[in-house]
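Here are my notes on this one, as promised. Have the model open while you read.

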Amino acid sequence: MEKQGHREMEGGPSESHTHIRLLKVNRELLVTHIRNIQCLLDNLLKNDYFSAEDVEIVCACPTQPDKVRKILDLVQSKGEEVSQFFLYVLQQLADAYVDLRPWLLEIGFSPSQLIQSKTIVNTDPVGRYTQKLRHQLGCDSKFMLCYAQKEELLLEETYTDTIMELVSFSNEILGRLSSLACLLDPSSDVLSEHGETVFIFGDAGVGKSMLLQRLQSLWASGHLGAEIKFFFHFRCRIFSCFKDSDTLSLQDLLFKHFCYPEQDPDEVFTFLLRFPQAVLFTFDGLDELHSDFDLSRVPDTCCPWEPAHPLVLLANLLSGRLLQGARKLLTARTGVEVPRQLLRKKVLLRGFSPSHLRAYARKMFPERAAQAHLLQQLEANPNLCSLCAVPLFCWIIFRCFQHFHSAFEGSPQRPDCAVTLTDVFLLVTEVHLNRTQPHSLVQRNTRSTAETFRAGLRTLLSLGRVASGGMEQSLFVFCQDDVEASGLGEADLALGFLRTVSALGPYGEQQSYEFFHITLQAFFTAFFLVVDDKVGTQELLRFFREWVPPREAATASCLPSLLPFQRRRGGRPVGSDLFKNKDHFQFTNLFLCGLLSKARQELLWHLVPATALRRKRRALWAHLCASMRGYLKSLPRLHSGGFNQVQAMPTFLWMLRCIYETQSQKVARLAARGVCADYLKLTFCNACSADCSALSFVLHHLHKRLALDLDNNNLNDYGVRELQPCLSHLVVLRLSVNQITDNGVKVLCEELTKYKILTYLGLYSNQITDVGARYVAQILEECKGLTHLKLGKNKITSEGGKCLALAVKNSTWISDIGMWGNQIGDEGAKAFAEALKNHPSLTFLSLAFNGISTEGGKSLARALQHNASLMTFWLIQNQITAKGTAQLAEALQENTGIAEICLNGNLIKPEEAKAFEEEKRLICF
């Protein structure tokens, strides 16, 4: 009895069901499904259950099944403990013996404490390969991809989350993703069950590559998706560099061009094919593939062993024809569209919110004094703060903070100091050129900016030659020959502008290079076009071909081909569109404008002949103004509500950014003359807060009143502050779905109440609380022309509702109020009921989805009996019962002016609604 109890405590089986017996009874099952004998032999030998002679005896057997039978014979002959250990190896190395998982679960195997104390070594090819992948990705992702090769920043210590928004196929916002794990959740937030690809898109520098690097790091450390055994990361730009004649099998693509298994690659690949759900692919930068070949013309490849062009393999991986069931994450810049049938989720990266920016500042500047000073400088310079919403630019600005500090020294607030993106990149260039200077502990570097650039001109021109040559062909990876031909030496490469491509690239053993970021390549391209005196005005403007009127552009495809197929070394086909929504060209134009601005004149006089500089500047300014005027004139117009309305596209934003980069008031005035419409619609343009600086820079020169619609962008409070110069011209201002908080509304209140010309204010779906509601109430009371106010889907409770209701009561001019999706409750409803009584102008009121019960409904019903202006009243999705509905029906008997009261989604049963069928104006369902 004592022995039996001890055995049960140890977890062993009873006498009738010993481990030896299990091996005997299931002998043929084990012989059939055990394919890896080496793993068993290694563990039995390591734990002294087998001798070297036993291993030799097993290996002498002629076939695999014979070897398994011999192992079973030897294990059983050595007793119960060895048999139990044998089963323990099968259980612990689940990937090596995947076919035995169901059987092990069925027999309920539970090893004793003695057996659990034994060491298990994983010499299985699949397990070893997973370990190798984790090690390689862990090393690759340990440090951030730094601008300077001399710097090493731990990703774990510096990575900060950004705003991730789940969007629909048509880019409508569906909600935010709370964590990176949500990206890989196969069941939640799915747009299409048939799609396999999670598509992540956003502007250049917004953090797409860093997000993938963070995923790599989490997987490598075992903190992401335990079910994911394999993680393959590819940069799409590499695929563009393969020759047209190159072919690879899927196995070669994964192993030879990413990570090669140390043993038995065929077995590892077979496992991949059997369990594709254990594989995660990340493809970074789809927009960096360039050719005319799109997905609809990619030949299907279902056979994983059949050689094909690498781009064909990529296309078939994304479509699921290869490794169906594998998870894929694909990134691209805004403007690239992927066919719906491929998509499982679609995620938009927005960059840093104000809270993210503060968190990032804390990580980058642990000392509180430096941190506080940095945030103070950003607060004093909204434009600089707006640039920091883009993580890449934020990182660059933070790294150069000491230089900005010296520029602002002695002036705690410099709100009029406009820092452009060109300023930031010039400063970074200067800092890294000065690294070649000898360091001294007692003497500071005294070289001026002009002297620094003049001394480094040869290096900068060589870098520009590489950048420009690649930009012409949309190439971002350069071979050793390209770099050497440009005249760059080891000392030039050590500056950190170019970095080596770590993964095995298409150039084989030859070293490959790339610029740190696409924006840096654009900057050096622009620098080369400005400084090289051989570049004429026609060549200077070559990248402005995107700025053609939309009707002309409509004859060609406005979207980039999903999958390029031809390598661009020999030029571009006739008639192909150079831009195709490629931001790298737009950034080149932006930097051209910045470098040729008057503010840069003093620097460039030391680098370029004055006559050449003036000629290029005149050509650029003329082209800028003519392009903007022609673009706006070509846009289709809609005459509505007394306005001449145009829907501008993202190209218009790039025009504004370029004009702002010039910092020329003369150019801005000329551009403003070209704004011939009085209603400018810029919805869904992915405008950020920095774009508001550019918008105001031009629009504040207008001599007429304007309607401005910026709904569904990414402006936040910084963007609102940047709009201040043009608010004096606006009669319509729509800022819905823009992450605006109470701070932004306070700015609007301060400015709009100065001019009192506003007629329409749209702030739907922001982050406004009761504090912001008070500011809106003040706007409503003081702007006596304000007829439309949209405040739905914010965070306004009964307190804010009372303030707004009082303002409505005092306003004899308001006609349309939208409050859908707040939480004003019954107290807020009662306040609006008081406002409704005898109101002279209100015709539309929405209090839908506001937590209003029957009590609030009764108050509103009584108020309607004393109102002659209201025509439409929405109370959808509240908590009003049949009693409250009856009160509203009675009110309609007294009020014949109301056209409809909508009560859909309230607590009214269908049978209860029948009592109100005769009142057609009361809509219950």
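This is a predicted model: local features need pLDDT of at least 70, side-chain atom pairs count only at pLDDT 80 or more; totals for chains, interfaces and linings use all residues.

1. Residues are numbered from 1 along each chain as its sequence is written, and side-chain values use heavy atoms, with hydrogens and water left out.

2. The largest nonpolar core has 190 residues, and those touching the most other members are Phe398, Met628, Leu735, Phe832, Leu847 and Leu875. (A core here is a set of buried Ala, Val, Leu, Ile, Met, Phe, Trp, Tyr and Cys residues joined through side-chain atoms within 4.5 Å; buried is under 20% relative accessible area with a 1.4 Å probe, protein chains only.) Helix H28 (residues 518-531) gives the most to this core, eleven residues.

3. Take Leu875: leaving out residues up to four places away in sequence, its contacts (heavy atoms within 4.5 Å) include Leu847, Ile852, Ile901 and Asn906. A second, separate core of 79 residues includes Phe230, Phe242, Leu254 and Leu322.

4. Helices H23 (residues 421-433) and H31 (residues 583-595) pack at about 85°, axes 9 Å apart. That makes H23 roughly perpendicular to H31 (the label covers 65 to 115 degrees). On the H23 side, Leu421, Thr422, Phe425 and Leu426 meet H31 residues including Phe587 and Phe591.

5. In H18 (residues 354-364), the buried residues are His356, Leu357, Tyr360, Ala361 and Met364. They span an arc of only 140° around the axis, so they sit on the same side of H18; the arc uses directions from the helix axis to the C-beta atoms.

Terms used:
Axes are lines fitted to C-alpha atoms, for helices over the stretch in contact, and angles run from 0 to 180 degrees between N-to-C directions. Helices (H or I, at least four residues) and strands (E, at least two) are DSSP runs, numbered from the N terminus. Angles under 35 degrees count as roughly parallel, over 145 as roughly antiparallel, 65 to 115 as roughly perpendicular and the rest as oblique. Buried means under 20% relative accessible area, exposed over 50%, partly exposed in between (1.4 Å probe, protein chains only).
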